[in-house]
Every structure is written in structure tokens, then in C-alpha cells.
Amino acid sequence: QLQLVESGGGLVQPGGSLRLSCAASGSTLDNYAIGWFRQAPGKERQGVSCASSRGGRTIYVDSVKGRFTISRDNSKNTVYLQMNSLKPEDTAVYYCAATQTWECSGYVADYGSWGRGTQVTVSL
């Protein structure tokens, strides 16, 4: 049974950077596409980025393109989300999730394993 744990969130100023980590246990991430989602209070959980399990394909929501980078480190069984040039509207709880397919999906319902989330707050 795959378990995911996010870390790396915190409080940063606008324009700052954070790197979120999604550490897996119970199984390897080699055969899972991994998505990052975020949810602000009162809003629906939305997809931010995704990395396929094969081929190195990545997807980003338009609002984070050029600022966020998703990557995988198979030796550590971990997926990262590097977030640069952070904006107040990036404030949310960030979740990583795994779908047991090779290709990415941006839909919450397609993911069977979820972490508990890590808070990212971008504010002065």
C-alpha cells in the first residue's frame, strides 16, 4: 500500500521560493504518475502539476508555468515541486497524489493515494 507524505511548506514572501517534497513508502513511485494539487479555503482542490511515470512528461496549470518545476528522484523515491516567484494567490494546502498509470491526469478522481498536505503561505 502506497503512502505519501508531503513536506517543505511554510511561510514565504512574494517572489520567494519553496521546494515541496513528496516521499513515498510502501511501494516505489516508478510506475505511478504523480500529481501535485492545491486547495485554498472555500475552493475546490485543483491540479497544479503532474509528472508521468515514463518518458519524463510533465504538465503544469497555466498559472504556474515558468515558475514551478516538478521532478522525480527515483533513488530517494521522492517527487519534488520547486516553486519560484511565488505569489499570494499560490497560498494553499498542497497535496501530492499518485495514480497507478503511466500518464498524467489533472482530475482528483483519478488519483487513489494522497498525502495529508503541506501548507504554503505567500505573504508579507
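The following legends describe close-up views of a predicted model.

**View A. The largest pocket and the residues at its centre.** The largest pocket holds about 210 Å³ of space. Its lining is formed by 13 residues, of which Arg38, Ala40, Lys43, Gln46 and Glu89 are the closest to the centre.

**View B. Strands and residue classes in the pocket lining.** Two elements, β4 (33-39) and β5 (46-51), each give two or more residues to the lining of the largest pocket. The largest share, three residues, is that of β5. Sorted by class, the lining of this pocket comprises four nonpolar, five polar and four charged residues.

**View C. Strand β8 within the structure.** Strand β8 spans residues 78-83. Five of its six residues are buried, with under 20% relative accessible area, so the strand is largely enclosed by the rest of the structure.

**View D. Pairing of β3 with β8.** Strand β3, residues 18-25, runs antiparallel to β8, and six bridges join the two strands. Within this pairing, the residue of β8 that stands opposite Ser21 is Tyr80.

**View E. The hairpin of β7 and β8.** Strand β7, residues 68-73, is paired with β8 in the antiparallel sense through six bridges. Thr69 has Gln82 of β8 as its bridge partner. The two strands, β7 and β8, form a hairpin with four residues between them. In the turn, Asn77 has a positive phi of about 55 degrees.

Notes:
Residues are numbered from 1 along each chain as its sequence is written. This is a predicted model: local features need pLDDT of at least 70, side-chain atom pairs count only at pLDDT 80 or more; totals for chains, interfaces and linings use all residues. Side-chain values use heavy atoms; hydrogens and water are left out. On a 1 Å grid over the protein atoms alone, a cavity is a set of points where a 1.4 Å probe fits but cannot get out, and a pocket is an open set with protein on both sides within 12 Å along at least five of seven lines; lining residues have an atom within 4 Å of a point. Grid points are joined across faces, edges and corners, and a volume is the space filled by probe spheres set on the points. Ala, Val, Leu, Ile, Met, Phe, Trp, Tyr, Cys and Pro count as nonpolar, Asp, Glu, Lys and Arg as charged, and the others, Gly among them, as polar. Buried means under 20% relative accessible area, exposed over 50%, partly exposed in between (1.4 Å probe, protein chains only). Two strands pair if DSSP finds at least two bridges between them.
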